[in-house]
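Let's take a walk through this protein together. Have a look at the sequence and the model, then read on.

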Amino acid sequence: IQADGTDGNCVTFVLHDEDHTLGNSLRYMVMKNPDVEFCGYCITHPSESKINFRIQTRGALPAVEPFRKGLNDLMGVCQHVLNTFERSMKEFRAQK
């Protein structure tokens with residue numbers, strides 16, 4: 001991850017080896033934060049596997065904070081989905 005920006009509340013993060021799968025999910029999680037004024041991403045070019053992920057916050061909140069929180073929240077959601085799936089598979093196998 002590279003962070004570009006002169007202002008701490010408006011930063012573009014460059015995420016290498018990522019695509020819409022992470023970009024759209026992370027954008028959704030970050031936008032749930034009421035202190036975030038803008039959040040968006042773009043794929044630089046179809047032949048490149050990186051995205052530019054931009055966050056702009058209100059006030060003095062540094063953009064890296066909602067970025068970290070969004071990543072942690074997204075990991076929590078993914079872990080919940082994985083746990084639910086594994087529990088369901090275990091119950092299904094026990095019924096056979």
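What covers the buried residues of helix 1 includes strand 2, strand 3 (36-43), strand 4 (50-57) and helix 2 (64-95). Here, helices (H or I, at least four residues) and strands (E, at least two) are DSSP runs, numbered from the N terminus.

A quick word on the source: this is a predicted model, where local features need pLDDT of at least 70, side-chain atom pairs count only at pLDDT 80 or more, and totals for chains, interfaces and linings use all residues. Residues are numbered from 1 along each chain as its sequence is written, and side-chain values use heavy atoms, with hydrogens and water left out.

So which residues of helix 1 are buried? They're Leu22, Gly23, Leu26, Met29 and Val30. Buried means under 20% relative accessible area, exposed over 50%, and partly exposed in between (1.4 Å probe, protein chains only).

Now for the strands, which pair if DSSP finds at least two bridges between them:

| Strands | Sense | Bridges |
|---|---|---|
| Strand 2 and strand 4 | antiparallel | seven bridges |
| Strand 3 and strand 4 | antiparallel | seven bridges |

Valine 11 stands opposite isoleucine 55 in strand 4, and glycine 40 has arginine 54 as its bridge partner there.

Conventions: Contact means heavy atoms within 4.5 Å.
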